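Thanks for coming, everyone. Please take a moment with the sequence and the structure, and then I will walk you through a few places in the model.

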Amino acid sequence: MASNKGEVQEPINESLDYGNWKFLSRKSHILNSKCTSNSQCESVPVTTSETDKRRLYCDHCCFAKLLELPELPEMCFPQSFLIIEHCSGVRICFAAFDALQLVDAHNDKLKVQMAEKWKEERSNTQGVGDVVHPFDWTYTTEYTGTIVPNPPHSIKIELTEEQINLEKLKQQEKILFYNDIILFEDELADNGVSILRVKIRVMTSCFFILLRQFLRVDGVLIRVNEARYYHEKDSKYILREISCREGATKDIHPTLHTQQDEVARILPVKLLKMEKLMLP
Ligand SMILES: [Zn+2]
């Protein structure tokens, strides 16, 4: 699966109007390796605000200059996204740039966590921990989506005990809209995988979004960070479940190492939080 995903030629746009909502998705090409503007990016004054730079720069320059990462994931999809837009104009977006902004660009946390043994085993190879500039080369992100208000409308977030209705999600309902969009992916110099993708499923009575980062560092750990969104049609809120799960690879059966759905279910939970996103 990993080899040909970057080869989407023309952007594929899809959308659905759904009661108070509109869903928009786009799958587009991989990030260009060079600036694509004819010196336009170069002429943007250094003093320009970050927001304006983001608007003026080409995608390559946005990722290369505005993210502080010494290296980007092998595959970034700058123009691939999912947007859900409420009738109030408030939007929730899922996009690679925003997710990568939350990656630690200055510290290699996993190197500290790694067992000494693992470091010794790999000491003769140009391993993933041997980067010159320390940064989080696993691209771990606690990104949960980007809420974009439309003043005066916004989304209020409250903690809740309410759970996502899994039974309802299991029901055989007509699927009106489905998409699975990769935002970025890196194979960690052949030492595993870090992939962020967002999936949406819209049914007659509800919709469900799963944003998941799956990280496997071979011989070290598997980590799954997720944000799940669940909304029953015509209700006043969206439920959002945020979770981080992580386990040592040695504790997980090897056949499960590549089974992202299965492994996500059995990994020890490090963080679990339920929120209500109150709609305007
Ligand atoms: Zn540029």
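C62 has a relative accessibility of 5%, so C62 counts as buried. One caution before going on: this is a predicted model.

Is C62 in a disulfide or in none? To answer that, look at the whole structure. A search of the whole structure turns up zero disulfides. C62 is therefore in none, and its nearest cysteine sulfur, that of C58, lies 7.1 Å away. The cut-off for a disulfide is 2.5 Å between the sulfur atoms.

C58 itself is buried, because its relative accessible area is 11% and the limit for buried is under 20%.

Now the metal site. Which residues coordinate the zinc ion? Four cysteines do: C35, C41, C58 and C61, each through its SG atom. The distances run from 2.2 to 2.3 Å. Along the sequence, these donor residues follow the spacing C-x5-C-x16-C-x2-C.

What is the arrangement of the four donor atoms? The angles they subtend around the zinc ion are 107 to 113°, and that makes the arrangement tetrahedral. For reference, the ideal angle for four tetrahedral donors is 109.5 degrees.

C35 has 36%, so C35 counts as partly exposed.

Next, the strands. Find the open sheet of five strands. Its order is β1-β2-β4-β5-β6, and the pairing is antiparallel. Which strands stand at the edges? They are β1, residues 12-18, and β6, residues 146-148. Each has a single partner strand, so one side of each has no neighbour in the sheet. On average, neighbouring strands here are turned by 15° against each other, direction ignored.

Look inside that sheet at one pair. Strand β4 covers residues 81-86, and strand β5 covers residues 91-95. They run antiparallel and are joined by five bridges. Take L82 as an example: its bridge partner in β5 is F94.

Now move along to β12, residues 237-248. Of its 12 residues, 10 are buried, so the strand is mostly covered, with buried meaning under 20% relative accessible area.

What pairs with β12? Start with β11, residues 221-232: 10 bridges join β11 to β12, and the two run antiparallel. In this pairing, Y229 stands opposite R240 in β12. The hairpin of β11 and β12 has four residues between the strands. There, D234 takes a positive phi near 75°.

Then comes β13, residues 269-278. Nine bridges join β12 to β13, again antiparallel. Here L239 has K276 as its bridge partner in β13.

On to the aromatic rings. How many aromatic pairs are there? The count comes to nine. I will show two.

The pair of F63 and F97 is edge-to-face, at 5.4 Å centre to centre and 75° between the planes. F63 sits in helix α2, residues 59-66, and F97 in helix α3, residues 96-101, so this pair ties together parts that are 34 residues apart in sequence. Buried or exposed? Both F63 and F97 are buried.

The second pair is Y139 with F184. This pair is also edge-to-face, with 6.3 Å between the centres and 65° between the planes. Y139 lies in the loop between α5 (116-121) and β6, while F184 lies in strand β8, residues 175-186, so the pair ties together parts that are 45 residues apart in sequence. Both Y139 and F184 are buried.

Last stop: two contrasting residues. V202 is found in strand β9, residues 192-203. V202 has 0% relative accessibility, so V202 counts as buried. From V202 to E173 is 29 residues in sequence and 9.5 Å in space, C-alpha to C-alpha.

Where is Q171? Q171 is in the loop between α6 (166-170) and β8. With 46% relative accessibility, Q171 counts as partly exposed. Q171 and M203 are 32 residues apart in sequence, yet 9.9 Å apart in space, C-alpha to C-alpha.

That is the tour. Questions are welcome.

Definitions and conventions:
Residues numbered from 1 in each chain as written. Predicted model: local features only at pLDDT ≥ 70, side-chain atom pairs only at ≥ 80, totals over all residues. Heavy atoms only, no water. Pairing = 2+ DSSP bridges. Axes fitted to C-alpha atoms, helices over the stretch in contact; angles between N-to-C directions. Buried < 20%, exposed > 50% of the residue type's maximum accessible area, 1.4 Å probe, protein only. Donors = N, O, S within 2.8 Å, 3.2 Å for Na, K, Ca; no water. Tetrahedral: all angles 85-135°; square planar, octahedral: opposite > 155°, others 65-115°. Phe/Tyr/Trp six-rings, centres within 6.5 Å; stacked < 30°, edge-to-face > 60°.
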